[in-house]
Amino acid sequence: MDFAFDARTEELRAKLLAFMDEYVYPAEAVAEEQRAALASPWDTPAVVEELKAEARRQGLWNLFLPDAEYGAGLTNLQYAPLAEITGRSPQLAPTATNCAAPDTGNMEVLAQFADEQQKKQWLEPLLAGEIRSAFAMTEPEVASSDATNITTLIERDGDEYVITGRKWYISGAMNPDCKIFIVMGKTDPDGDDIRRQQSMILVPRDTPGVTVKRAMQVFGYEDHSHGGHAEVIFDHARVPVSNLIGEEGGGFAIAQARLGPGRIHHCMRLIGMAERAIELMCRRAVSRTAFGKALAQQGVVHNWIADARVTVEQLRLLVLKTAWLMDTVGNKGAHTEIQAIKIATPRAVVDILDRAIQVHGAGGVSQDFPLAELYAGARTLMIADGPDEVHQRSLARRELKKYV
Ligand SMILES: Cc1cc2nc3c(=O)[nH]c(=O)nc-3n(C[C@H](O)[C@H](O)[C@H](O)COP(=O)(O)OP(=O)(O)OC[C@H]3O[C@@H](n4cnc5c(N)ncnc54)[C@H](O)[C@@H]3O)c2cc1C
């Protein structure tokens with residue numbers, strides 16, 4: 001593994017860093033002001049569309065997609081340092097560059113598993129940033145970290161499938177630009193193989209029977225810039241059979257394929273969040289005085305800053321190693337490392353954000369600094385995309401296998 005980035009990565013890094021300074025950070029306050037003046041907080045502020053147009057013009061677009069037919073054609077190792085930079089402004093930069101979850105995972109699924117007609121109808125406008133999308137798997141009634149528990153039904157009726165179920169925490173679904181749901185449900189709920197009972201199907205938002213019921217909160221935040229996290233009801237929603245992605249029974253395998261890249265992208269962005277937290281922590285520590293000396297002169301603040309720096313350097317190396325493995329031996333070969341970063345990164349970044357909040361005093365938990373919202377976002381990643389304990393269980397089992 002080479003420790004230097006290649007020429008293309010360096011060129012894109014320089015461009016992206018300049019784009020962040022010139023356009024993204026100044027737009028953070030503007031986006032909030034514009035959102036407050038919108039008819040609905042779920043609509044997209046004009047400045048976000050301006051950022052998208054500028055990013056696209058500069059070639060900072062679809063950087064996440066390794067398939068050059070559809071995206072920038074970067075390897076995971078090339079994309080990692082770029083995603084880290086966008087993580088410094090997670091409310092704006094990933095959307096500006098068309099690299100925001102859950103669209104990224106959905107575009108990957110469509111690029112990999114959809115047929116030509118599905119690609120034309122849904123992948124093309126997503127790649128162009130004209131629409132948004134959501135991924136609907138989790139259900140309030142069952143422990144959804146175990147995907148075999150899902151109860152939503154996808155029943156065949158002639159030339160149609162009928163979808164019935166209740167989902168929640170469906171990210172992006174509150175945004176009216178979210179035009180398509182990739183829904184995971186069961187086509188064969190009584191099948192012998194519990195991993196072949198599930199299928200994935202495309203359900204347009206305007207399908208009769210689809211109701212976006214309410215916005216779920218995250219520690220009180222509604223995550224407007226991410227399109228929220230909605231509860232969605234599918235009440236006998238009918239779609240043509242041609243909306244099935246892949247084959248009946250293939251849903252579990254598609255979900256597994258979707259989650260590998262999604263997990264590493266979250267970790268890359270989390271490192272960017274940690275870098276922003278360290279920067280804010282240092283700026284605050286040198287600019288505030290308590291009991292006759294700057295906060296930066298307190299030994300305990302030194303410890304927090306030093307520990308944060310050491311942690312970020314460790315995490316970045318593990319994330320880059322994971323990206324390199326995904327590129328060289330595939331997602332399956334990088335399974336242990338993907339789980340390792342998914343376990344290690346959110347909890348470490350939560351800890352760093354917690355210290356940065358502490359250094360800011362009341363300001364740290366306020367709306368005047370991004371720390372509290374970053375904290376809420378990082379904390380949820382110990383649950384979303386599979387809770388820590390599920391990854392620990394599977395990683396430990398694989399480790400133990402060597403000795404049995
Ligand atoms: C902000 C946010 C955004 C989300 N976005 C989406 C989305 O876009 N689409 C979507 O479908 N879902 C989404 N989710 C849902 C998320 O994927 C689920 O919450 C997650 O998979 C866990 O499922 P659950 O909430 O049903 O928890 P449960 O499955 O009920 O698990 C609860 C707890 O049980 C423990 N546990 C579970 N299994 C084990 C085990 N094997 N060993 C030890 N302990 C265990 C863990 O501590 C776990 O946290 C989102 C969630 C959040 C918070």
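1. Start with Ser145: leaving aside residues up to four places away in sequence, Ser145 touches Pro387 and Val390. Keep in mind that this is a predicted model. Ser145 also sits 5.6 Å from Gly386, C-alpha to C-alpha, even though 241 residues separate the two in sequence.

2. Where does Ser145 lie? You'll find Ser145 in the loop between strand E1 (132-136) and strand E2 (153-157). Ser145 counts as partly exposed because its relative accessible area is 43%, between the 20% and 50% cut-offs.

3. Now look at H5 and H7. The axes of helix H5 (residues 103-113) and helix H7 (residues 251-287) come within 9 Å and cross at roughly 135 degrees, so H5 is oblique to H7. The crossing of H5 past H7 is right-handed.

4. Which residues of H5 and H7 meet? On the H5 side they are Gly105, Asn106, Glu108, Val109 and Phe113, and on the H7 side Ile254, Ala257, Arg258, Pro261 and His265. Sorted by class, this contact of H5 with H7 has five nonpolar, three polar and two charged residues.

5. On to helix H2 (residues 46-57). Its 12 residues reach 17 Å from first C-alpha to last, close to the 16 Å expected at 1.5 Å a residue.

How values were computed: Residues are numbered from 1 along each chain as its sequence is written. This is a predicted model: local features need pLDDT of at least 70, side-chain atom pairs count only at pLDDT 80 or more; totals for chains, interfaces and linings use all residues. Side-chain values use heavy atoms; hydrogens and water are left out. Helices (H or I, at least four residues) and strands (E, at least two) are DSSP runs, numbered from the N terminus. The expected span of a helix is 1.5 Å times one less than its number of residues. Axes are lines fitted to C-alpha atoms, for helices over the stretch in contact, and angles run from 0 to 180 degrees between N-to-C directions. Angles under 35 degrees count as roughly parallel, over 145 as roughly antiparallel, 65 to 115 as roughly perpendicular and the rest as oblique. A crossing is left-handed if the near helix is turned anticlockwise from the far one by less than a right angle, and right-handed if clockwise. Contact means heavy atoms within 4.5 Å. Ala, Val, Leu, Ile, Met, Phe, Trp, Tyr, Cys and Pro count as nonpolar, Asp, Glu, Lys and Arg as charged, and the others, Gly among them, as polar. Buried means under 20% relative accessible area, exposed over 50%, partly exposed in between (1.4 Å probe, protein chains only).
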